[in-house]
Amino acid sequence: MNCDRTSKLPAYHDGELSPAEAAELESHLSACLICSAELADLRGLSMQFAQVEQPRLSQIERHRVHRALDAIMERAVVRFAWSLSGVAAAVLIVGTFWLSQATEPVQAAPPWVDAAVYAHSLGDNAQSPAAQWYLADASQRSADDTP
Amino acid sequence: MQSNRSESDFELLKRSADGNAAAFHALVDRHADRLFALAVSLLRNHADAEDVLQETLAGAYRGLAKFEQRASVKTWLTRILILQIAKWRRDQKSRRSEPIDPQSASPADHESSAGHRMDVHAALATLSPEHQDVLVLREFEQLSYEEIADVLGVPRGTVESRLFRARAELRDKLKAYR
């Protein structure tokens with residue numbers, strides 16, 4: 001013997017049917033012995049679960065759980081501090097490297113600048129043999145350095 | 001640890017995520033007994049249940065920032081616990097050892113004390129892990145089908161069919177020992 005409404009009984013028992021569906025099933029239940037017996041079985045099973053005493057944490061277990069959490073939180077803080085110092089160290093290293101690359105060494109002035117400065121400093125003596133030799137040499141070095 | 005009852009779970013969780021340790025302890029106090037009872041029902045061993053509870057709470061603490069208000073805090077914590085229990089079961093399987101607990105023994109032990117009477121916990125232990133999970137979440141935790149689906153990460157239809165089969169199997173086992 002079977003009834004096609006029995007499949008709806010678990011949802012009814014668990015309060016998962018809409019009010020309209022529940023009302024419709026309730027009117028069926030009053031007339032159907034199969035569904036009534038099935039529902040009684042479901043309720044009996046739930047009753048057995050309800051009678052089981054649920055364990056609770058003892059004070060010692062509760063204390064251990066909280067202490068373990070404290071340790072985890074502490075480790076998380078230490079890990080955060082370490083990662084912060086890691087980031088700071090990385091910034092320092094990158095910054096130092098960047099600064100060392102950004103500061104270009106002072107280039108030596110090309111020979112013609114030296115020559116011009118020298119000629120200017122000689123003033124009236126610019127026509128002396130020594131001055132002429134220096135200027136000629138500077139001109140030659142400028143010509144050599146030009147790519 | 002003081003738990004401010006006027007604060008909602010969400011408020012406590014938000015303060016915990018902002019680094020307030022006391023708020024997280026308060027949240028733990030609020031849910032620890034329920035999670036512990038659930039773990040004992042599924043593991044039948046107090047020491048293992050305590051270990052799994054600690055792992056669950058540690059996982060919750062690490063995941064505080066990722067919590068989405070899509071689910072309730074209760075459902076979220078229960079989901080983490082069920083994942084930890086699944087991990088524990090896998091580890092047990094790989095070690096091939098049976099749970100032994102003087103406080104909560106195996107099905108065979110439960111049968112013997114009162115003749116051939118088998119209690120719900122002992123009968124539960126004989127079911128598959130999927131059937132145990134769904135029954136415990138429904139009967140002990142009183143979660144709705146949607147909440148169970150969320151905790152187990154399965155469709156609602158799967159919850160209904162598993163629950164139907166689990167109840168039928170459990171009823172058969174309990175009847176056999178009456």
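**Entry 1**

I began with helix 4 of chain A and helix 3 of chain B, whose crossing is right-handed. The model is a predicted one. I then looked up the geometry of the pair: the axis of helix 4 of chain A and that of helix 3 (residues 46-62) of chain B come within 10 Å and cross at roughly 35 degrees.

Next I listed the residues that make this contact. Helix 4 of chain A contributes Glu61(A), Val65(A), Ala68(A), Leu69(A), Ile72(A) and Met73(A), and helix 3 of chain B contributes Glu50(B), Leu53(B), Gln54(B), Leu57(B), Ala58(B) and Tyr61(B). Sorted by class, the contact between the two helices holds nine nonpolar, one polar and two charged residues.

**Entry 2: the interface as a whole**

**Entry 3: Glu141(B)**

I located Glu141(B) in the loop between helix 7 (129-139) and helix 8 (145-152) of chain B. Is Glu141(B) buried, exposed or partly exposed? I recorded Glu141(B) as partly exposed because it has 19 C-beta neighbours inside 10 Å, whereas a buried residue needs 20 or more. Setting aside neighbours within four places in sequence, I found Glu141(B) in contact with Leu38(B), Thr78(B) and Val136(B). Finally, I checked Glu141(B) against Glu68(B): they are 73 residues apart in sequence and 22 Å apart in space, C-alpha to C-alpha.

Technical notes. Residues numbered from 1 in each chain as written. Chains lettered and ligands numbered in written order. Predicted model: local features only at pLDDT ≥ 70, side-chain atom pairs only at ≥ 80, totals over all residues. Helix = DSSP H or I, 4+ residues; strand = E, 2+ residues; numbered from the N terminus. Buried ≥ 20, exposed ≤ 12 C-beta atoms within 10 Å, placed from the backbone. Contact = placed C-beta atoms within 7 Å. Axes fitted to C-alpha atoms, helices over the stretch in contact; angles between N-to-C directions. Left-handed = near helix turned anticlockwise from the far one by under 90°. Nonpolar A, V, L, I, M, F, W, Y, C, P; charged D, E, K, R; others polar.
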